[in-house]
Amino acid sequence: MTRIIQISDPHIVPYGQMAYGQVDTAEALSNCVETINRCLPEIGPIDMVFVSGDLTDFGTVEEYERFRALMEPLNLAYRVIPGNHDNIEVMRECFADQPWMPTVGPINWDAHFDDLVVIGLDSSVAEAAHGHLSDETLSFLSTTLEANGGKPTIVMTHHPPILTGIDKMDIQNLRYSKEFKAILSSYTGELRLTCGHVHRNIVAPFGDVICQIAPGVSHAVTMDLREAAPNCLTKEPGGFMLHEIRGVITSHYVPVGDYPGPYLFYPDT
Ligand SMILES: [Fe+2]
Ligand SMILES: [Fe+2]
C-alpha cells in the first residue's frame with residue numbers, strides 16, 4: 001500500500017522576516033517537519049512527501065535555500081511543484097541536484113510507486129497570481145496518463161480549478177481548465193486531483209474526479225464567504241494531507257502540532 005504526504009504553501013521568507021509582517025512561516029514549516037517525523041511510527045511507512053507550491057513568498061535564492069535547510073530534518077524524500085509565489089527559473093536552479101527537476105520548460109514530473117502514480121504539474125504563470133496549464137503541460141499529462149494504464153493516480157497542481165466561495169482566491173484560480181477537466185475525466189482508473197493555493201482543506205468535484213485542496217502548513221486564507229470579502233489571512237493551525245491507496249485513494253487531514261493523547265476510550269475494559 002503506497003502512502004504519500006502532501007504539504008502545501010510554506011511561503012518561506014528571508015531570514016529575520018515574517019510573512020506579511022505577521023507569520024513566522026519558517027517556524028511553521030519546522031513544526032510540520034517535526035510533526036511528520038514524530039507521527040511516522042503511527043502513520044507510516046510513507047513513500048514520499050510532495051509540496052504543492054508556494055515554497056517561498058518571493059522566489060529568491062535565499063528563500064529556497066532556507067526552505068531546503070528547514071526540510072533537511074525530514075526523514076523522507078520529497079518533490080515540489082511551483083506556485084504563484086515561486087520563480088520557476090530560480091527554483092530550477094536551487095533544485096538542480098534533484099533528478100526529477102526538468103532542466104528546461106515547465107516543472108512537470110511523474111513519480112511511480114507500486115500501486116500509485118503521482119503527476120506534478122506546473123500551473124504557474126510568470127508575474128501573475130492566477131494559474132494556467134500550458135499546452136506542453138497538458139500534453140505531458142495526457143501522455144503520462146495514457147502510459148499509466150488505469151493505475152491509481154494523483155495529479156497535483158498548485159492552483160485549483162474549482163470555485164471555493166472565497167472571492168479573492170477564486171479570481172486567481174486555475175483558468176481555462178476545460179481541456180484539463182476533459183483529460184482527467186476520461187481516465188479509466190482511480191484518479192484524484194490535489195491542489196494548494198487556498199490554504200484551506202476544501203473538497204469539491206471537478207468533472208468526474210474529486211478535487212482536494214490541501215491546507216497550508218502555516219497560515220490560512222481567512223474563511224470569509226461574503227461577496228467581495230477582504231483578502232486576509234488567519235493564524236489557524238497548519239495541517240497536511242496523507243493520501244493512501246486502499247483500493248481507492250483515501251485522504252486524511254492531519255493537524256500540525258503535538259496534542260494531548262492518545263487516551264483509551266475505555267481504559268478499564
Ligand atoms: Fe499560498
Ligand atoms: Fe498560491
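This is a predicted model: local features need pLDDT of at least 70, side-chain atom pairs count only at pLDDT 80 or more; totals for chains, interfaces and linings use all residues.

**A close look at the metal site**

Two distant parts of the chain are linked here: aspartate 9 sits in the loop between strand E1 (3-7) and H1, while aspartate 54 sits in the loop between strand E2 (48-52) and helix H2 (61-71), 45 residues apart. Aspartate 9 is buried too, with a relative accessible area of 0%.

Let us take the iron ion (ligand 1) on its own. Asp9 (OD), His11 (NE2), Asp54 (OD) and His199 (NE2) coordinate this ion, at 2.0 to 2.3 Å. Along the chain, these donors follow the spacing D-x1-H-x42-D-x144-H. The arrangement is irregular because the four donor atoms subtend angles of 88 to 176°.

Now for its partner. The iron ion (ligand 2) is coordinated by Asp54 (OD), Asn84 (OD1), His158 (NE2) and His197 (ND1), at 2.1 to 2.2 Å. Its donors follow the spacing D-x29-N-x73-H-x38-H. This site is irregular as well, with angles of 89 to 161° among its four donor atoms. Histidine 158 belongs to the loop between strand E6 (153-156) and helix H5 (167-170), and histidine 197 to the loop between strand E7 (191-195) and strand E8 (202-206), so this pair ties together parts that are 39 residues apart in sequence. Histidine 158 is buried, with a relative accessible area of 0%, and histidine 197 counts as buried at 3% relative accessibility.

E1 and E2 pair in the parallel sense over four bridges, and isoleucine 7 stands opposite valine 51 in E2. Both strands belong to an open sheet of five strands in the order E3-E2-E1-E12-E13, with mixed pairing. Strand E3 (78-81) and strand E13 (248-255) stand at the edges with a single partner strand each, so one side of each has no neighbour in the sheet. From one strand to the next, the twist averages 25°.

Helices pack here as well. H1 lies across E1, strand E12 (239-246) and E13, and runs at about 165° to E1. H2 packs on the sheet and touches E1, E2 and E3, its direction making about 150° with that of E3.

Finally, look at the nonpolar residues. The largest nonpolar core has 48 residues, and Ile7, Phe67 and Phe95 have the most contacts inside it. Helix H1 (residues 25-43) gives the most to this core, with eight residues. Phenylalanine 67 shows how such contacts reach across the sequence: leaving aside residues up to four places away, its partners are Pro10, Ile12, Leu29, Val51, Leu55, Tyr78, Val80 and Phe95. Another core, of 27 residues, lies apart from it, and Leu133, Leu141, Leu174 and Ala204 are among its members.

Note on methods
Residues are numbered from 1 along each chain as its sequence is written. Chains are lettered from A and ligands numbered from 1 in the order in which they are written. Side-chain values use heavy atoms; hydrogens and water are left out. A nonpolar core is a set of buried Ala, Val, Leu, Ile, Met, Phe, Trp, Tyr and Cys residues joined through side-chain atoms within 4.5 Å. Buried means under 20% relative accessible area, exposed over 50%, partly exposed in between (1.4 Å probe, protein chains only). Contact means heavy atoms within 4.5 Å. Donors are N, O and S atoms within 2.8 Å of the metal (3.2 Å for Na, K and Ca); water is not among the atoms, so sites may look incomplete. Four donors count as tetrahedral if all angles lie between 85 and 135 degrees; four count as square planar and six as octahedral if opposite donors are over 155 degrees apart and all others between 65 and 115; anything else is irregular. Two strands pair if DSSP finds at least two bridges between them. Axes are lines fitted to C-alpha atoms, for helices over the stretch in contact, and angles run from 0 to 180 degrees between N-to-C directions.
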